Amino acid sequence: MQVWKFGGTSVGKPERMHSIRDLITSDNSRKIVVLSALSGTTNALISIGESAKANQDSEAVEKIKALRDHYDVFVKELYSTEAGLAKGQEIVKNEFSFIRSLINIKPFTAKREKELVAEGELLSTQMFEAYLEEQGENSILLPALEFMRIDAEGEPELALIEERLTTILDQHPDKQLIITQGFICRNPRGEVDNLKRGGSDYTASLIGGAIRAEEIQIWTDIDGMHNNDPRIVKRTFPIRELTFEEAAELAYFGAKILHPSTITPAKMRGVPVRLKNTMQPDAPGTLIATSSSDREIKAIAAKDNITAIYVHSTRMLNAYGFLRRVFEIFEKYKTPVDMVTTSEVSVSVTIDNNEHLDAITAELREIADLEEHDRDQTIVCIVGNFSADKEGIAIKVLEALKDIPLRMISYGASEHNLSILIHSSLKDRALNALNERLFYYEDAMKDIFTAP
Ligand code: ADP
Ligand code: ASP
Ligand code: MG
């Protein structure tokens, strides 16, 4: 069995939903199909929630109306029979009256907000399932809220997901297409929750890992993982093969095409992940698996909203246990540390969550002589196969960034990651300079030296 996930743009227009039906029925294999919300819907729902939270009810109602108009037009083009359209209209009516009811309950709590944001995936999957039924396909809608669960830390409950999902699937052995929602889940209190923005990719890989799928396919609006962020750099190209480790680093360090945690469940079970383009289904995309062809530098990604924290303490000199005390503070506030660099009497670390920054820095000041921190930093991450015999990677990176002040450098922790910390205002310059130096410079030199 395979798991295929379609993102917001891939389901964002009626004709796209029609193409998805063609794609998922083009062979006769049994599939679980994970859908995101239509593009723009999750943002719209978040914005409705913000108005409701601020007690701007008439503004929230206006926003709901605008979103509803979009769906009213959408269903008219999605279905081709009267019965299909009636079913689609009923789904839209029901979900929007629920949305409307949510904002009427005061106060508008975080619990309601999560229920509101979940409506995007609930709408898209019900509408798509009704379309498949209209077209006579052998399909069923499995509510993700029945099997997708996170624990109190927000981490997926792998054993529970596997057990519930296999039980449910066993009840429908004759169904060819199994449709479910990405992104949404339940928390330990049984409330509706989610896997954070972009979480449908994570749903697909959690399902793929749980059922030991043959393959997980992530269908999006671009031909696979590119060597650099195509929103910032003009000359980028798709990478045909990546290892799980390389893809995990790129996703974690900001390649938006994949939710940061997507690779973990797939890697645990050795399930290959293929990234495909819904608009160009014949393009090869990217295959992420245990091994890949051996190119030194594969890709560059960047992660924003990083805070660098600098701790200086003479007590660190020739002492042991100081770093442990530093890290215990981050542990206490459940704040992950991404980069670390050390010198004789100081250590710098980065975090991507400032929720407890004040408390963390206050406690750091208790054990250190000096604490300073800088917000608005960006980690630029260069990923590839840098095993010990590969020379010259660092020099190329530093050469490319020679005009850019570097705040931290981290190299050697793994064989496939070199990370640099810079001020966010320099990100575009850094990504473009690295792109030219790492991917085009040698070819340009070759052309010069082989020219007649
Ligand atoms: P979906 O809605 O299908 O989940 P996303 O918008 O989340 O799609 O992810 C796809 C987008 O990710 C692309 O359109 C592209 O702009 C962006 N992106 C950022 N970095 C990369 C990269 N390295 N390779 C490919 N796409 C990237
Ligand atoms: N709809 C959710 C979001 O916009 C999840 C996803 O698209 O993957 O973040
Ligand atoms: Mg996405």
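Predicted model: local features only at pLDDT ≥ 70, side-chain atom pairs only at ≥ 80, totals over all residues.
An unreviewed UniProt entry lists Lys5, Phe6, Gly7, Gly8, Thr220, Asp221 and Arg231 under "binding site". Several of these names come back once ligand 1 is examined. Around that ligand there are 15 residues, and the closest are Lys5, Thr220, Asp221, His226 and Lys256. Sorted by class, the shell around ligand 1 comes out as four nonpolar, six polar and five charged residues.

On the side-chain side, an N or O atom of Asp221 sits 2.8 Å from an oxygen atom of ligand 1. The backbone takes part too: a backbone N or O atom of His226 is 2.8 Å from a nitrogen atom of the ligand, and a backbone N or O atom of Gly8 is 3.1 Å from one of its oxygen atoms. As for overall cover, ligand 1 has 570 Å² of accessible area on its own, and the protein covers 86% of that.

Gly7 falls in the loop that joins strand S1 (2-6) to helix H1 (8-11), while Gly8 belongs to helix H1 itself. Both glycines are tucked away: Gly7 counts as buried because its relative accessibility is 6%, and Gly8 counts as buried because its value is 19%, with the cut-off set at under 20%. Setting aside residues up to four places away in sequence, Gly7 touches Ser36 and Trp219. On the same terms, Gly8 is in contact with Ser36, Ala37, Leu38 and Ser39.

Two of those partners, Ser36 and Ala37, turn up again at the other ligand. Ligand 2 is surrounded by Ser36, Ala37, Thr42, Glu121, Phe183, Arg197, Gly198, Gly199 and Ser200. By class, that shell holds two nonpolar, five polar and two charged residues.

Thr42 places a polar side-chain atom 2.8 Å from a nitrogen atom of ligand 2. From the backbone, an N or O atom of Gly198 lies 2.8 Å from an oxygen atom of the ligand, and a polar backbone atom of Ser200 is 3.0 Å from an oxygen atom of ligand 2. Taken alone, ligand 2 exposes 260 Å², of which the protein buries 86%.

Definitions and conventions. Residues numbered from 1 in each chain as written. Chains lettered and ligands numbered in written order. Heavy atoms only, no water. UniProt positions renumbered as here; feature names shortened; annotations may be inferred. Helix = DSSP H or I, 4+ residues; strand = E, 2+ residues; numbered from the N terminus. Buried < 20%, exposed > 50% of the residue type's maximum accessible area, 1.4 Å probe, protein only. Contact = heavy atoms within 4.5 Å. Near = heavy atom within 4 Å. Polar contact = N/O pair within 3.5 Å; in protein donor to acceptor, adjacent residues only side chain to side chain. Areas by Shrake-Rupley, 256 points an atom, 1.4 Å probe, with all protein chains shown as cover. Nonpolar A, V, L, I, M, F, W, Y, C, P; charged D, E, K, R; others polar.
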